[in-house]
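Subject: Structure handover

Hi,

Please find the structure below. My notes on it follow.

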Amino acid sequence: MKKGLISVLILSFSIPLLLFAQGRTQKPKPLPISRETQTCLECHKQYTPGIVEDWQRSLHSKTIPSSALKKAEKLRRISAQKVPPSLAGVVIGCFECHGLNPEKHKDNFEHEGFKINVIVTPKDCATCHPIEEKEYSRSKKAHALGNLLKNPVYHTLVETIISKKTIDKSQVIQRDVSELTRQETCFGCHGTEIKVSGMESIETDIGTIEVPKLTNWPNQGVGRINPDGSLGACSSCHTRHQFSIEVARKPYTCSQCHLEPDVPAWNVYKESKHGNIFDSNHMKWNFNAVPWTIGKDFQTPTCATCHNSLIVNSEGKTIAERTHDFGSRLWVRLFGLIYSHPQPIHGDTSTLKNRDGFPLPTTFTGEIAKEGLIDEKEQKKRRSVMSNICIQCHSTSWANSHFVKLENTIREVDQMTLASTLLLLEAWKSNLAEGLPHGKNPFDETIEQRWIKQWLFYANSIKYASAMTGAPDYATFKNGWWNLTENLQQMKDWIEFKKRGGSHP
Amino acid sequence: MKKGLISVLILSFSIPLLLFAQGRTQKPKPLPISRETQTCLECHKQYTPGIVEDWQRSLHSKTIPSSALKKAEKLRRISAQKVPPSLAGVVIGCFECHGLNPEKHKDNFEHEGFKINVIVTPKDCATCHPIEEKEYSRSKKAHALGNLLKNPVYHTLVETIISKKTIDKSQVIQRDVSELTRQETCFGCHGTEIKVSGMESIETDIGTIEVPKLTNWPNQGVGRINPDGSLGACSSCHTRHQFSIEVARKPYTCSQCHLEPDVPAWNVYKESKHGNIFDSNHMKWNFNAVPWTIGKDFQTPTCATCHNSLIVNSEGKTIAERTHDFGSRLWVRLFGLIYSHPQPIHGDTSTLKNRDGFPLPTTFTGEIAKEGLIDEKEQKKRRSVMSNICIQCHSTSWANSHFVKLENTIREVDQMTLASTLLLLEAWKSNLAEGLPHGKNPFDETIEQRWIKQWLFYANSIKYASAMTGAPDYATFKNGWWNLTENLQQMKDWIEFKKRGGSHP
Amino acid sequence: MKKGLISVLILSFSIPLLLFAQGRTQKPKPLPISRETQTCLECHKQYTPGIVEDWQRSLHSKTIPSSALKKAEKLRRISAQKVPPSLAGVVIGCFECHGLNPEKHKDNFEHEGFKINVIVTPKDCATCHPIEEKEYSRSKKAHALGNLLKNPVYHTLVETIISKKTIDKSQVIQRDVSELTRQETCFGCHGTEIKVSGMESIETDIGTIEVPKLTNWPNQGVGRINPDGSLGACSSCHTRHQFSIEVARKPYTCSQCHLEPDVPAWNVYKESKHGNIFDSNHMKWNFNAVPWTIGKDFQTPTCATCHNSLIVNSEGKTIAERTHDFGSRLWVRLFGLIYSHPQPIHGDTSTLKNRDGFPLPTTFTGEIAKEGLIDEKEQKKRRSVMSNICIQCHSTSWANSHFVKLENTIREVDQMTLASTLLLLEAWKSNLAEGLPHGKNPFDETIEQRWIKQWLFYANSIKYASAMTGAPDYATFKNGWWNLTENLQQMKDWIEFKKRGGSHP
């Protein structure tokens, strides 16, 4: 009975127990807090207690940079070789982050005697985490806003989907798109451009105060353009004031944007063997360890394991280096635009061009762009980085067979996309729908929407399922082969029904 | 600091820890159990051990009302000022609940020498929890059964969906609906009316026994009509014999009914930043604390935080009062019927009337009913209650911008509903489908079903995503703008295909 | 540093800590490891550390069979009465499993001086777990591959869905299916046939090595045909090298294959009251206890509770015997092919025949096959096994009413399938689609696909929701009555649109 109780205790709560244990032997000396932060905390623990409590749980409140710098390189969460003297000796509190680089921040304002930035940006975080910021800045994530906005093809797709529509003579008329809806849909993940348009007075619990008036705010999209010109929001993954590595390493974070129907990484993971074991056992794992030890700290990969964390084996040997350029371990871009292709060299993909002159990495019939994509040598190198993670738990033959399957799957489902493209081209050619040949929107009629689903939803889904070694039922019936097949029939039927009524009205 | 540590400990796993602590220092005196309950337990620990074990984990088995009444008001889980003497000094066991108000219970029966009610109702729970019962009784939840059954529009929709269908001359013929299917579908959540139709003999492990024969049972729908005439089932959320506040506060409980495609609150939450942090960290939070402290007990809201729990800040100041009238903090009813509108004044919405005389809060083209909905002043008041919760963790500007977005989103997607309504009206006018103008069912033909999806699935979904500050991909591709847009095209196509074949057969 | 290490320890592993706690009183003697396994471990802890760490967490590494055999029968996880002397005295390590029955293993190969099988099969596991293997071998799971491949109806369905398609003159042409896609879709769950086609050289971290070349590998499908001729993969559920009973008992394991849209057991469970309580409380339960005590070890059932675990009540009385023949507690087969029917007598269902001579348990219009299905007496017996589990936590009336509802639901939704079949037969009769009467594929045209969805997706879904006492919204709007109803209308419309254009081209 007593043994049962102890095991319940230990199973459930390690951290509090640990602290409690320490508390009994020796009280830890409180760490120095800057005068500015002290002032912030005094008010804000009353007015935004959630933020203060969150920060108190963060490592930022429990360490000082000068101590962090003394750690062995592999154990460090800080990549600067040194930090400014003003920061080195205090915990990283409110003012240490919100007071950085005021001259670069258009969102800086006078607040209770301090010059405060509303938004802490990657450039600010780079004070202590410069490598992470540099890597991130060249990733597709950092460029997620521009990649959508500056590319006329994607831009048309976006605007077609989220525009208001009205009805006129039984036809659907596409109207404008509001900034507010942009923020809540595509740019919720891709990020918004935050501008400062002056100051405004707002009513708060401490009375009327003057604050910068920000456009397209709040937003934590990965490609956010900040008031200091920097790209991205570290808080996309290291959420809010805990800046937690644990939260970032758990797949729930990635799942906010990478989910069905269009990028069902999360859905596929959840139904894979990896996801099953994560769900069953993750509460016993250590998501805070740096470096992160295969087998000891975790028993199956989460997204972060394969894509960006610093991974070592039980003997401390590095298996994969940390990276915040999230595509840098990837060779093929599964996400078809409209077919899979080698990863782009630059995170900024708006400069890619296919043979037909469209800003796409492939043509409508699958030919891959000649420039801007990584070459075979680089592809092979990256694949071996990834494969090296697999073989820590799987035999080499197993891993090899996995990659053979993935290659085949990409080829086959891209062919299924091609089949749908041929039906679309037929519809355009027969004037049953109006698209590119007519100089019209290629994304707004029923057969065009079905074509989009073929590559954006179903083909992508199957490729993700293959890449993550799992989710066979998902790739068959939920968002996969069944849908590819049914969708083709429905495109065919649509053409048939339309043809009977003559050409496009 | 020490207090914080201890509270973290308690936060997480109070029961085992507490027992452990007690076990070492001093064995707790067993609490008095009534003679009746003792008798129940003796048999039932053999015949329904799951129930007995569940109860032993509940607070009901670990406290007595007279002790509970001694707690400070804010810490109490009991809202009565006093309880009947027969209950005050014993733990709340089987008989204390199942033996209450026998004269009002048509389901009361003689069982092994005791007069037992099969069902414990809100009126019974009100013995100790009168405020909760009173609040609940005026909520939409309490009236969920009548609101569906007594409203001819909703009733027709229900019956169209869950009726059996047969085929006659290639037409789909709608037949009757069985009570059993009603129980397993709409009324599984909305609640059934439980009647006693005499006694029946059943075979059990202790031989044949006589028990009341209940219709529409089992059911734990929120608007259940009980054999004592009361409305609701506390066990909908405070499940089974643990009566757990923890379970009720976790979003899984709400998710049983509030989920995609029609009320995707759960799906949206899961993909929001709040849901992400809940998933990552909730095992470290304290879901049993009363009152519930922002930042200390939890770091992101669950459904209960914003909608009904008693919330305080770290200094004990009340941020939001407890309520069991679940709509009472809400100003706008996102759930469009068929457009969003101010919250109804009464939980019983069957008396609402739109300008056209239909029992709906809005007309088909969006005009809001003149009576029965809360006024602007009340809307503003409620919005500030909710906003006050937001600003415990977010800046006032942040919260303000959030509400501006929500308002815009409601307006825009309601316009998308209107667009679909115009196509439906066109189909009716052209006799391509038969609906209201023909005195026929407006919910049974393909174009009518598409119209239903526009407001019931897609528009609702986007509004929920906006309200919960998240789920941008969900609101774009999964159950949102993509679907609104595609659905309009398909409605247009349907009209086009139908028109070619002439009017409705 | 010390603090970090301790926190890693505690965070990650409760069991070692517990052992550690015990270790303070008395250090456990290390268990004997065979010389062979010792050799394996020396290399593999370097080359596949994930496997070694996993195994170290397994019970296999923490016990020896001769000790396990001393336990009381009900507490044993080993069903052999005795084990070979070579295994009895050592922990069950690498060689103890991968070195078994080499003469029967076509995948056996010389590896670093040892004769190693790549794959450990149920026949190998039967050395210590013979009853589990025997039960499993007669289950539908064990025959999942043959049941799909040897049945021409199912086989045609499979090939129609996962075949490549091309477009020719606006028609969709079905092409061949690749083995690799089979592995990643249907046979990912059902299992593949693994053959050895010689040896191959592969590059590894220790240089080039020779290993067996396996076809259709890797695969952990439940009906895998192994290189020793045995059926199944214990690792389907007792995943990888932890062989965990905990993982197998959690619903995440079952959810990998039993999920929406076709077998939405997982989706329904998640939205049921049982699933809600599991989600809220499971971290406090004991998923490793053998036997598994209702109320004490868990408070609501997971899949394993009702379908196969050894369940006892608090007094140790057996409530349900353990079985690895997963259908053996089931009387009705909810999964319609195409209607529900009594469970097959044998796990091998390829021999069933309906009255029309098709290898199906029912005819297209619902008549049940005369042979090969269990009789009423057996059905009744099995239902009472299941019902006996329900009444540990629910009253007998409650359970009775539940089963009445289930029976009604099966009848009603099977009628909804029949309605769709009548529309399909009409389409075939009118030559609007080509199917069985034309000697053509009955699964490839739009109306045929809609018919498949009626029984495979929607009818199944509702039956599962009914069987698991929950998920009313799911069974109404997500994958249920709404869909059954809408789908019938769309089948009707399709016939109407097709008729206007004359017969099939």
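This is a predicted model: local features need pLDDT of at least 70, side-chain atom pairs count only at pLDDT 80 or more; totals for chains, interfaces and linings use all residues.

H19(B) covers residues 396–429 of chain B. At 1.5 Å a residue, its 34 residues should span 50 Å. The end C-alpha atoms are 49 Å apart, which agrees.

**A sheet in chain B**

Three strands of chain B make an open sheet, in the order E7-E8-E9. The pairing is mixed. Strands E7 (292–293) and E9 (318–320) of chain B are the edges, and each pairs on one side only. E8 of chain B, residues 311–312, is joined to E9(B) by two bridges. These two strands run antiparallel. B:Ile311 stands opposite B:Ala320 in E9(B).

A helix packs on this sheet: H18 of chain B, residues 376–390. H18 touches E8 and E9 of chain B. Its direction makes about 120° with that of E9(B).

**Chain A against chain C**

How many residues are in contact here? Chain A has 65 residues in contact with 63 residues of chain C. On the chain A side, the elements that give two or more residues include helices H1 (2–12), H2 (14–25), H17 (273–281) and H21 (446–467) of chain A. H22 (472–478) and H23 (481–500) of chain A are also among them. H20(A) gives the most, with 15 residues. By class, this side of chain A has 26 nonpolar, 23 polar and 16 charged residues.

**Chain A against chain B**

This contact takes 61 residues from chain A and 62 residues from chain B. On the chain A side, helix H4 (residues 49–57) gives the most, with six residues. The classes here are 28 nonpolar, 21 polar and twelve charged residues on the side of chain A that touches chain B.

On reporting interfaces: size is often given as the accessible area lost when the parts come together. The figures above are residue counts in contact.

Best wishes

Key:
Residues are numbered from 1 along each chain as its sequence is written. Chains are lettered from A and ligands numbered from 1 in the order in which they are written. Two residues are in contact if their C-beta atoms, placed from the backbone, lie within 7 Å. Helices (H or I, at least four residues) and strands (E, at least two) are DSSP runs, numbered from the N terminus. Ala, Val, Leu, Ile, Met, Phe, Trp, Tyr, Cys and Pro count as nonpolar, Asp, Glu, Lys and Arg as charged, and the others, Gly among them, as polar. Two strands pair if DSSP finds at least two bridges between them. Axes are lines fitted to C-alpha atoms, for helices over the stretch in contact, and angles run from 0 to 180 degrees between N-to-C directions. The expected span of a helix is 1.5 Å times one less than its number of residues.
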